[in-house]
Amino acid sequence: MKSNPILNLARSLSTRLFLVLGLAVVLVSPAGAISVDHGHDGSHGKSNPAVDRPIWLDKLENQLNHEDVMSGLEGSQEKLDKTFMKLMGQLQDKVKEHASPASSGGGFHDSWSAHQLGQSYLLGPTEAAAKVYKGAHCPGNIPTKTYEVSAINVEVTLNQWGDYYPGYMYVLDKDIGKVRDEEKRNLAARQKEDGLDPGAVSTGLQGDAIQPMTIRGNQGDCVRVKFTNRLEDEDAGFQISGSAMIISSSGQPNTAATKGSIISSGESKEYEWFIPVDQQEGSHMIQNHAGRDPSALGLIGAFIVEPRGSRYLDPFTGGPLENGWMAMIANDDARDFREFALFYHEVGDESFRPLNRHGEMIPQRDPLTDAYRPSARAMNFRSEPFGINNLAQQEKHFHYEDESLSYSSYTFADAPTTIPRSYLGDPAKFRLIHGGGEVFHSHHPHGGSIRWTRSPQREVQLTNLTQAAYDGPVKYPVVRTTTDRVDVEVIGPAEALDLETECGSGLCQRLAGDFLFHCHVAHHYVAGMWGYWRVYNTLQDGNYPMGSTDVMRPLKELPDRAGRIPKGQTSDQLVGRTMDWFGKKFNVVGSGKSDWSKETPVVNVKDWVKYMLPPQGKPGHTDDETGQILAYDGSVWDYSWKGNQALSERESTLKTPKYISPRPGKRHAIQFDQHGKLAWPHMTPHFGKRVPFARNHGGAPWLEPFHMQTDAEVITKTESGSARSGSDMENTGGAKPGEQGRWSLCPAGAGRKQYNLVFINTPIELSGAVGNTPPIIDKYGLIYVIDEDMAEVKADPKKAIPLVIRANVYDCVDLLLTSEWNDDDFTNFQMSKLNIHPHFFQFDNQASDGVISGFSYDQSMRSYRQFDKKMKDGHHVGMPVPMNAKVLKSTRAGDNTVEIQMAGHATPYHVGADIIVGIEVPNG
């Protein structure tokens, strides 16, 4: 295809995947129906016994009496009643502190707390069935770690929007002052009218004092804990599940059923645990067995047994670390690794509702996404629901909400939930702890080759699997293992598991980027239970955005990998140097034309940067910040140049509690690593704005930024894009396998598969006719089809069956995805947008994950068939109209223009932007 001076006519929206083990294709659901919680429990009459003595209280007493007998705690009913009523009183007092609709009087003014237990029975404690191991006093002359720990009452703030609840936590005594300071800062932030103060809630939970306590001890250590109960008039316990911890004074096992293990308010107790040298490495949950409510509201923690001789280092300073979910574990006898303790937990029971910053109870169902219990599905005391804060603000200010961008740091800024951070090649271990007591969760990380062995101790080549990419990318990982690999792990209440992911940080691809993880129950992640693993390729020194590319705290290198990660450099500093991509070399020059035909290509620095970024242009063809957001234009990115130095787009001037730019309205230099790769992340938050597509809408912008080699081979009859060009012209059909050398997503010689996928709305036969009973037809069926089968499927509802595509191990798979799913009022509520998400592939997360995580590019697309939109009050209903156009007349060989008519209100195309021509023609 020849280059066009006006439009680069390319088949677009392509995704490239390197097949490793298998393929799964799933649909990202549209935004759910808007619903409102109208439920009320309780009565509001006067002098009514049903009001004075509600049924739910009888249920509670009967259940607790039974639990007391089974747990050896008979006689504690009065204390438990007091604990529960105190908790309800705290919440009620918080509501009454604010003059708000949730507490403004009326018939149900004081009856809301009855709803907390109006649904069946609470789940009871299981202390009596806890597994007990024979313990012993610590011998002398062995390494000893001592922790002074307290249980305290605390207000837990869940996110930077100010959602919170009165709860509990374990804390090191020396950190109590820090916790109280954070409480004060969070309270002061809620009281500010502008709502812009995040209080003490950091981005990514980087060192906050209010977080689940995570402490450590080595194999062969003696661990001593002095535990103090500082709760207000409540008993408390400190039990480490699966340990042989004993009460120091008596030598008895530290279990709930042992006399003296549960202590009263104001008292202290000393425990000890001699960890055997052969104790299995890994995590143990710390629990309070004195009562369920404190545990359900934060009185949880983790104890991690580390390999013998380990040292625990602060990831921000490199100094010693006593407590923290994120740590560097150094060891003279083994490779150092990064450790991340992830707590999946509910807030309270299934009827509990946290409060927003105004003191109003958060709705049980999110009115925008229909998710159940927003802000009450949490990770490490933090929750970031899609709808009630982020999407609600996007809709309020810009009249649309894009649920596909709910994970996007570009659109909504980084999350306050857990953001594990590491550098390329760092070994990493994840410690999973289920801190809740209600439902199961399923940990699923994105990234294709983020996976682990189901039974790692059975795998003889485990170290080779987990550290295979320690020094570079791995294109042909081991296929057969003793135990199968998985990428979803189900965990139940109080369960703790340990995962060591294959190939380490950056995966087998050696990829910088953001790797989403979440509970795979859709209602749970939409309600706030998610985070992402960020892997950098340049040092994060804290000088944001002039040094660090990330707003979060500085990040130290692992001690035994110090010096591997470079400081970021600007594009002009690449000039005159040779970039080495694991054997594939490029010479970068500051002037003259690029020559890609040489064995070592000569590349002008402006071409080098151009091919790594989306097309340059102003979204919506405007400089106005709000206008760019309203244009919903993801085809270009507004970066700039100062000589040979590439500059970012202008920083946002809009303020939110999640991100206020230190340089509003200004640009800064884009950074690169020692190989000339873009430093991750290269974009910064712009609230409400659509993140751009990768260049050519390509699937591997970081691993395969250059598409310059001639490729005369036809992949299939439905080849996507132009794969035929001269060596001096950008090839829009995707990089040839091996074109980027060893760093290529697809290695040289890989088999190739091509599929053109279309998402259509067509009738689907769910059940065939039986006798005189007609078939059951879903008139509004939604399904993926292969392009060449589309007409046949549309003509016969029987042929609308789930799509299965195939490839061989080590094949390179190119997917072109398009959509015919127009906005409507029934299936997508005027917000049609979709993508695909594969499992068990190597791919480039920046553009092939489907789910738009962190600072990744947009990977969801609108319908190419839609040319108009419903209007209301002067603006579109739902998402803006897609950037579609109709070709008004045929073009001929030699023409240098295309005559088109844009859809009404659609943003016109940009010079250099990628479009697709003839998409409406099957096999076109």
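Helices (H or I, at least four residues) and strands (E, at least two) are DSSP runs, numbered from the N terminus. With that in hand, welcome to this structure, which is a predicted model: local features need pLDDT of at least 70, side-chain atom pairs count only at pLDDT 80 or more, and totals for chains, interfaces and linings use all residues. Residues are numbered from 1 along each chain as its sequence is written, and side-chain values use heavy atoms, with hydrogens and water left out.

- Strands of a sheet pair through backbone hydrogen bonds, either parallel or antiparallel; two strands count as paired if DSSP finds at least two bridges between them.
- S18 pairs with strand S21 (residues 489-491) in the antiparallel sense, over three bridges, and in this pairing serine 442 is opposite valine 490.
- S18 is also joined to strand S23 (residues 513-519) by three bridges, again antiparallel.
- Across that pairing, histidine 444 stands opposite histidine 518, and histidine 443 has cysteine 519 as its bridge partner.

- Seven of the seven residues of S23 are buried, leaving the strand mostly covered.
- On one side of S23 the buried residues are Gly513, Phe515, Phe517 and Cys519, and on the other they are Asp514, Leu516 and His518.
- S23 pairs with strand S24 over six bridges in the antiparallel sense.
- Histidine 518 has tryptophan 530 as its bridge partner in S24.

- Phe440, Val488 and Val490 make a nonpolar surface patch of about 270 Å².
- Valine 490, which lies in strand S21, counts as partly exposed because its relative accessibility is 48%.
- Patches are made of residues with over 30% relative accessible area and no salt bridge, where like charges are joined within 9 Å and nonpolar side chains (Val, Leu, Ile, Met, Phe, Trp, Tyr) within 5 Å.
- A salt bridge is a side-chain nitrogen of Lys or Arg within 4 Å of a carboxyl oxygen of Asp or Glu.
- Accessible areas come from the Shrake-Rupley method with a 1.4 Å probe, and for residues only the protein chains shown count as cover.

**The second largest pocket**

- The second largest pocket has a volume of about 810 Å³.
- Its lining holds 36 residues, of which Tyr864, Met883, Asn884, Tyr909 and Ile916 lie nearest the centre of the second largest pocket.
- The elements that give two or more residues to this lining are strand S36 (811-819), strand S40 (885-887) and strand S42 (914-915).
- S40 gives the most to the lining of the second largest pocket, with three residues.
- A pocket is found on a 1 Å grid over the protein atoms alone, as an open set of points where a 1.4 Å probe fits, with protein on both sides within 12 Å along at least five of seven lines; lining residues have an atom within 4 Å of a point.

**A four-stranded open sheet**

- Four strands form an open sheet in the order S5-S11-S10-S7, with mixed pairing.
- Strand S5 (213-218) and strand S7 (239-240) are the edge strands, each pairing on one side only.
- S5 and strand S11 (residues 300-306) run parallel and are joined by six bridges, with arginine 216 opposite isoleucine 304 in S11.

**Backbone details to look for**

- Most residues other than glycine have a negative phi, and most peptide bonds are trans.
- The peptide bond from tyrosine 544 to proline 545 is cis, with omega near -5°, and proline 545 sits in the loop between strand S24 (530-536) and strand S25 (569-570).
- Tryptophan 680 and proline 681 are also joined by a cis peptide bond, with omega about -10°.
- Alanine 413 is not a glycine, yet has a positive phi of about 70°; alanine 413 counts as buried at 7% relative accessibility.
- Arginine 510 has a positive phi of about 60° and is buried, with a relative accessible area of 11%.

Terms used:
Buried means under 20% relative accessible area, exposed over 50%, partly exposed in between (1.4 Å probe, protein chains only). Grid points are joined across faces, edges and corners, and a volume is the space filled by probe spheres set on the points.
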